[in-house]
Amino acid sequence: MGERRYFGTDGIRGRANTHPMTPEVALRVGLAAGRLFMSADNRRHLAVIGKDTRLSGYMIEPALVAGFTSAGMDVRTFGPLPTPGVAMMTRSMRADIGVMISASHNSFLDNGIKLFGPDGYKLSDAVELKIESMMDQALDADLAPPDALGRVKRIDDSQARYVEIAKASFPKGLSLQGLRVAIDCANGAGYRVAPTTLYELGAEVCAVGVEPNGLNINADCGSTHPETLAEAVKRYRADIGIALDGDADRVIICDERGQVVDGDQIMALVALDWAKRGMLKGGGVVATVMSNLGLERLLNSHDLSLERTKVGDRYVMERMREGGFNLGGEQSGHIILHDHATTGDGLMSALQVLAVLVESGKPMSELARQFETVPQKLENVRYTSGKPLETAGVKAAIADAEARLAGVGRLLVRPSGTEKLIRVMAEGDDAKLVKSVVADVAAAVKAAG
């Protein structure tokens with residue numbers, strides 16, 4: 001595979017108004033993607049663009065539009081819309097490409113560009129690399145003639161369409177009547193659609209993080225700051241709390257006491273509910289290597305499997321599509337419900353939890369602990385040069401650690417994808433053993449690098 005210069009594991013991302021998050025790079029993305037799709041055939045081609053609430057979205061969006069239209073592609077803009085909404089609308093409007101302008105759970109200082117193909121899935125590495133290889137062409141190469149420039153329209157009903165699709169994922173015949181729901185929208189892309197969806201399904205909605213000003217996205221709010229949601233749950237005496245991130249593709253849940261429920265517990269709750277109703281496909285759940293051993297044991301005890309992938313929701317999605325699974329996700333709260341969405345969807349995941357809450361009649365605190373988490377310890381070890389994982393000392397330490405954990409836990413040692421760090425993670429029933437194993441492997445890595 002070629003060396004990536006712009007695209008990382010989740011599109012292009014960086015500090016707003018510094019390379020690569022500049023209007024020029026956005027223009028080049030639009031031009032390159034436009035040229036790529038226009039060369040396919042000579043019908044009208046369409047790009048759709050959504051964004052979150054960051055100030056820099058006002059700068060990135062017009063640059064993308066200029067790129068697409070000068071290559072001869074038509075454009076539809078949505079304004080603020082969750083990432084999964086943009087993926088859905090790409091497919092629903094038969095667009096060639098969908099673009100989401102967002103840096104997810106990062107602060108307003110950053111922004112990003114994520115690309116979706118016509119099927120609503122994140123673009124494959126091969127297509128991203130092809131776009132990247134065309135991005136450094138001359139800005140005036142292969143431009144459309146004056147009479148063939150693209151046209152641009154703002155689509156005003158995209159939020160309403162997303163609300164209807166989200167509501168349709170909630171089981172028919174159930175209502176949220178009588179439930180008081182606190183929701184923290186992170187001052188991000190879900191600030192209108194999420195409270196509206198919950199209200200229309202019957203809930204009494206207590207919303208925070210719904211006053212975006214371009215600078216306050218994810219600022220002490222949303223899924224990365226669950227303490228704000230916990231406080232709102234207590235203040236409003238809510239039955240459940242829901243926190244989204246800046247682009248609303250991940251969710252964290254809080255019970256009525258303000259205790260935080262992570263993605264592993266959410267997946268367990270939904271998996272067992274779906275299995276009971278005969279709705280779970282693939283015979284299990286897809287998660288990453290970071291998901292807790294307790295989740296795996298719980299699923300195994302119900303004759304369900306846990307398939308593990310590398311960290312990153314795109315790898316979870318790939319495995320789900322290969323194996324015919326309809327539920328997967330990450331501990332961080334990226335939950336993918338493949339019957340309803342092609343990428344993580346925070347609001348729809350919350351609706352599945354609400355469905356179980358309504359049907360069971362139990363308080364959220366009783367449903368929140370599907371399994372006892374196995375003690376887990378993670379240490380990040382910084383190194384300066386070389387490949388510490390290939391040294392004899394580290395290999396011996398890992399072999400020794402794995403022998404000590406055999407049958408009672410597991411060890412995971414992996415390099416970070418973005419910085420010079422080795423992540424050492426172990427988990428097992430004996431917290432003391434886990435701690436000592438991590439310390440020994442970390443010490444060996446430090447000695448090597």
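**Close-up 1. Leucine 55 and the nonpolar patch in which it takes part.** In this predicted model, leucine 55 lies in the loop between β2 (46-51) and α2 (57-70), where helices (H or I, at least four residues) and strands (E, at least two) are DSSP runs numbered from the N terminus. Its relative accessible area is 48%, so leucine 55 counts as partly exposed, a class that falls between buried (under 20% relative accessible area) and exposed (over 50%), with a 1.4 Å probe and protein chains only. Together with Tyr58 and Leu215, Leu55 forms a nonpolar surface patch with about 340 Å² of accessible area. Patches are made of residues with over 30% relative accessible area and no salt bridge, with like charges joined within 9 Å and nonpolar side chains (Val, Leu, Ile, Met, Phe, Trp, Tyr) within 5 Å; a salt bridge is a side-chain nitrogen of Lys or Arg within 4 Å of a carboxyl oxygen of Asp or Glu. Areas come from the Shrake-Rupley method with a 1.4 Å probe, and for residues only the protein chains shown count as cover.

Residues are numbered from 1 along each chain as its sequence is written, and side-chain values use heavy atoms, with hydrogens and water left out. Because the model is predicted, local features need pLDDT of at least 70 and side-chain atom pairs count only at pLDDT 80 or more, whereas totals for chains, interfaces and linings use all residues.

**Close-up 2. Glutamate 61 in helix α2.** Glutamate 61 is buried, because its relative accessibility is 14%. Apart from neighbours within four places in sequence, glutamate 61 is in contact (heavy atoms within 4.5 Å) with Ile49, Lys51, Thr77 and Ile101.

**Close-up 3. Buried residues of helix α5 (residues 158-168).** The buried residues of this helix are Ser158, Gln159, Tyr162, Val163, Ala166 and Lys167. They pack against β3 (74-80), α3 (83-92), α6 (193-200) and α11 (346-360).

Close-up 4. Strands β7 (residues 180-184) and β9 (residues 240-244) run parallel and are joined by four bridges, and isoleucine 183 has isoleucine 242 as its bridge partner in β9.

**Close-up 5. The three-stranded antiparallel open sheet.** The order here is β16-β18-β17. Each of the edge strands, β16 (376-382) and β17 (409-415), has a single partner strand, so one side of each is left without a neighbour in the sheet. From one strand to the next, the twist averages 10 degrees. Seven bridges pair β17 with β18 (residues 421-428) in the antiparallel sense, and the bridge partner of proline 415 in β18 is isoleucine 422. Helix α14 (residues 431-448) packs on this sheet, touching β16, β17 and β18, with its direction at about 160 degrees to that of β18.

Methods. Two strands pair if DSSP finds at least two bridges between them. Axes are lines fitted to C-alpha atoms, for helices over the stretch in contact, and angles run from 0 to 180 degrees between N-to-C directions.
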